[in-house]
Amino acid sequence: MTDRSAAVRGISLADAWRSFRTAIRLGWAIEANWSDPFLFAVYTMAKPLSAAMILVVMYSIITGGQAGKFLQFLIVGAALWNVVYGVLAGLVQSILEDRERYRMMKYVVVTPSSLFPFLLGRSLARVGVSLVAVVLTLAVGVLFLGVELRLNLLLLVPASVLGLVAVMGLGIFMAGWCLQLRQEAWSYPEAIAGAMYLVSGAIFPVNVLPAVVQPIAWAMPTTWWLEASRRGLVGHGSPGDIGALSDGTVMLLLLASTVVVVPLALAAFAWFMRAARHKGLLDMTTGS
Amino acid sequence: MSEVGIARTPREAADWSRGRVVRANLRAVAGRAYPRIIGLTREPSWLFFEILLPFLAVSAFVFVYRALGAPEEFVGFVVLGGAMTAFWLNVVWMMAAQFYWEKDQGNLELYFTAPMHLMSILAGMAIGGLVMTSSRALAVIVIGSLVYGVSYQIAEPLLLAGVFLLTMIPLYGLGMLFASLFLLWGREAFHLAQLLQEPIYFLGGVNFPIRHLGAVSALVVATLPLAVGLDAMRQLVFPGQASEGVLPVATEMLILAVMGVIFLVGARLALRYLETLARREGRLTLRWQ
């Protein structure tokens, strides 16, 4: 007989922490340990550096190679964007891989432990790789391309924390949404990250966008995270209207957009999970 | 048949007439091309994503050039590069990585046991992929040109068509070669496919003329069909100083032709090796390897 008054294993904070740690190890094994270490290192370095170098060459063709604030703007934006893509792709692909490829999602969901710590832990390897890409891109910028770091930790640290929380919120929303999709769920993170790349002022000032799109840019937490991080890293923000705002206003807008996005994303994820259980989508395979 | 009377391949075992071999291989080409062509109408969501994703990338680079105050032909370079990117993505994900996916889905062993040549399967994939991707590339060019107001000055449309077709042969030949190599490298397929994106966009000059890469551009022209084809097409579509190529168009066409032969022969040799390995070791068709 089960003692009904005893705590159910799997729902305490300690159990959640254990799920989280186990999921981190699993995510890392899938992401890296099964690969050739040399290839994995090359892949980790070459992809973000090439993405940044495309922008550097474009810049140098047009400006004749003069180092300037716009080049710093480009490099910092290209570097930090790795985090957005890493978080979105990490969360979405973790949930899809576990459902479609490894077919473990249903087993994880039926344990008493919440899916949430597992999902966060499972995606952390990709987030870690993306953070390495940020450091590498910035290092190349500083060492070879004339990027001058003027660190303002009072701005950078809270901006990084808030930005990461906001981006994870968006990733959790996407992960829940992709569980509902029957077709092309794998393409959504890239499509959404691509659209956000366009409207967040990552590699060009928001002013260049068509007027109808600019309000979306102003509403995105990623726009304010990038802006605050630029100011915290190189001491200046974007060219254009956003760059003219005070540091306090930028941080306030980052905080406000994060406070709106995160609870909405968590509520949406809970709703998506309920819908997935109800419709039997947790063990669905689309063959895509 | 071999000396001991045991066929080494299903083709030997079939012991068909030459006519039947040709017909079976042509049917394999058509059969493998069919799902990709018919998929154009059956999977509208593919169409959406495969046009949207390159278009988003194109838009980002167009806005960078606009923010930098670049001459308008650079916007055209980006749009043309974005269209050609669709072919490269098709080659990487739907040619190079395809055998690996087929293995995961359990189809690969059927290919190895069927009495047709694996080159026919790859040719079918290439033809189907080319048709499918052409529609997407055309959509990127039309939408990009309309939205960003790109104008083209094509004085020799037939030569341009020739360069395009000549680019596709080594491009898909490279995909065929990679299909065997990806399978040999096993679990790295996903990482390899990722590795062949941004670094190739950079080295291939997808968003800028490759002569700006300096000494590296010579190496790129000698090895990467996407880069050579794009450089030649830019010279024909946007004549002017900005699109000055690494080499004259005629020389680049010759390079593409040589590349086509090398990659197709390489693909055939790699497939032969792969087939031998698959039969001898029996591991290549195992999932998760």
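How much area do chain B and chain A bury between them, and what share of it is on carbon and sulfur atoms?

## The interface

Chain B and chain A bury about 3,500 Å² between them, with 77% of it on carbon and sulfur atoms; buried area here is the accessible area (1.4 Å probe) that two parts lose on being put together, summed over both. This is a predicted model, where local features need pLDDT of at least 70 and side-chain atom pairs count only at pLDDT 80 or more, while totals for chains, interfaces and linings use all residues. Residues are numbered from 1 along each chain as its sequence is written, chains are lettered from A and ligands numbered from 1 in the order in which they are written, and side-chain values use heavy atoms, leaving out hydrogens and water.

As for who touches whom, 40 residues of chain B are in contact with 44 residues of chain A (heavy atoms within 4.5 Å).

## Charged pairs

Between chain B and chain A the count is one salt bridge, meaning a side-chain nitrogen of Lys or Arg within 4 Å of a carboxyl oxygen of Asp or Glu. A:Lys47 and B:Glu198 have side chains that meet in a salt bridge at 2.7 Å, N to O.

On chain B's side, helices H3 (44-68), H5 (98-105), H9 (189-195) and H10 (198-203) each supply at least two residues; helices are DSSP runs (H or I, at least four residues), numbered from the N terminus. H3(B) gives the most, with 15 residues. By class, that side of chain B has 26 nonpolar, eight polar and six charged residues (Ala, Val, Leu, Ile, Met, Phe, Trp, Tyr, Cys and Pro are nonpolar; Asp, Glu, Lys and Arg charged; the others, Gly among them, polar).

Over all chains, the salt bridges come to 11. Within chain A, the side chains of A:Glu97 and A:Arg126 meet in one at 3.4 Å, N to O. That pair links helix H3 (residues 69-101) with helix H5 (residues 115-144) of chain A, 29 residues apart.
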